Amino acid sequence: MSRTTSTTANLHKHSIDELKVLRRTYPPEYGRNILTAVIMLNEGSSVKEISDFLAKAIMNIYTYINRWNELGMEALISKRGKSSNSRITAEMEADILFTVMNTKPNDFGLLGHVWTAQLLADYIYQNYEEYCCAQTIRNLLHKHHFSFKRAQKQPSKGVESDREAFKKNDNFDAFCRKRF
């Protein structure tokens, strides 16, 4: 299904002049781009002309206009980099770190022998009833100098020296990576 070629922007009881004044004084670029798109669209410019003027993709212009029509002035606030539904407290953070270092997912009824970011997010929901995405968990662990190494396939009948080297690195000590 193709996108419609013409669209309109609702002014939400504002005049074009009010929006122009707001655009000149609004500090974040994201909000200024939305206001510019709405103003230009109401003045008769096409989406392609707005896209060329702002040096943004046509999809971005449609997104700006749809957000403006849906949210009004709230659309001017950029939510990029902000998680609205994840609030990890200091207590939860300490619990995550303790859990990663001292327990396994099986201890809490979760399937797995090694902690993953998604399993930790499930653990947070199970214990605190707080939704948290896996990327938030990864960022938290990275902030505390934990690293993540993806599992590598090791054939059971591989080279003996490789298996021994793998077993040596499996232990947790000061010289090995912390596992989660």
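The protein chain contains eight helices and zero strands. The model is a predicted one. Read from the N terminus, the elements follow the order α-α-α-α-α-α-α-α. The protein chain has 180 residues, and buried residues account for 30% of them. Contacts between residues at least 6 apart in sequence were also examined. In the protein chain, 55% of these contacts join residues at least 24 apart.

Helices H2 and H4 meet in the model. H2 spans residues 29–42, and H4 spans residues 58–71. Their axes come within 9 Å. They cross at roughly 85 degrees, which makes H2 roughly perpendicular to H4. A crossing counts as roughly perpendicular from 65 to 115 degrees. On the H2 side, the contact is made by Tyr-30, Asn-33, Ile-34, Leu-35, Ala-37, Val-38 and Leu-41. On the H4 side, Ile-61, Tyr-64, Ile-65, Arg-67 and Trp-68 take part. By type, the residues of this contact divide into ten nonpolar, one polar and one charged.

Asn-33 deserves a separate description. This residue sits in helix H2 and belongs to the contact with H4. Leaving aside residues up to four places away in sequence, Asn-33 touches Leu-54, Lys-56 and Tyr-64. Of these partners, Tyr-64 is also named in the contact of H2 with H4.

Nonpolar residues were then grouped into cores. In soluble globular proteins, nonpolar side chains tend to be buried together. The largest nonpolar core in this model has 21 residues. Ile-34, Ala-37, Ile-50, Ile-61 and Trp-68 touch the most other members. The elements that contribute two or more residues are H2, helix H3 (47–54) and H4. H2 gives the most, with eight residues. Ala-37 illustrates the packing. With residues up to four places away in sequence not counted, Ala-37 touches Ile-50, Leu-54, Ile-61, Tyr-64 and Ile-65. Another core, of 18 residues, lies apart from the largest one. Its members include Val-100, Leu-110, Leu-120 and Ile-124.

Cysteines were checked for bonding. A disulfide is a covalent bond between the sulfur atoms of two cysteines. A search of the whole structure finds zero disulfides. For Cys-132, the closest cysteine sulfur is in Cys-133, at 5.7 Å. That is too far for a bond, because a disulfide requires sulfur atoms within 2.5 Å. Cys-133 is likewise in no disulfide, and its nearest cysteine sulfur is that of Cys-132. Accessibility was computed for both residues. Cys-132 has 12% relative accessibility and so counts as buried. Cys-133 has 40% relative accessibility and so counts as partly exposed.

Arg-138 is found in helix H7, which covers residues 134–143. Its relative accessibility is 39%, so Arg-138 counts as partly exposed. The partly exposed class lies between the buried limit of 20% and the exposed limit of 50%. Arg-138 and Ala-121 are 17 residues apart in sequence. In space, their separation is 9.8 Å, C-alpha to C-alpha.

Definitions and conventions: Residues are numbered from 1 along each chain as its sequence is written. This is a predicted model: local features need pLDDT of at least 70, side-chain atom pairs count only at pLDDT 80 or more; totals for chains, interfaces and linings use all residues. Side-chain values use heavy atoms; hydrogens and water are left out. Axes are lines fitted to C-alpha atoms, for helices over the stretch in contact, and angles run from 0 to 180 degrees between N-to-C directions. Helices (H or I, at least four residues) and strands (E, at least two) are DSSP runs, numbered from the N terminus. Angles under 35 degrees count as roughly parallel, over 145 as roughly antiparallel, 65 to 115 as roughly perpendicular and the rest as oblique. Contact means heavy atoms within 4.5 Å. Ala, Val, Leu, Ile, Met, Phe, Trp, Tyr, Cys and Pro count as nonpolar, Asp, Glu, Lys and Arg as charged, and the others, Gly among them, as polar. Buried means under 20% relative accessible area, exposed over 50%, partly exposed in between (1.4 Å probe, protein chains only). A nonpolar core is a set of buried Ala, Val, Leu, Ile, Met, Phe, Trp, Tyr and Cys residues joined through side-chain atoms within 4.5 Å.
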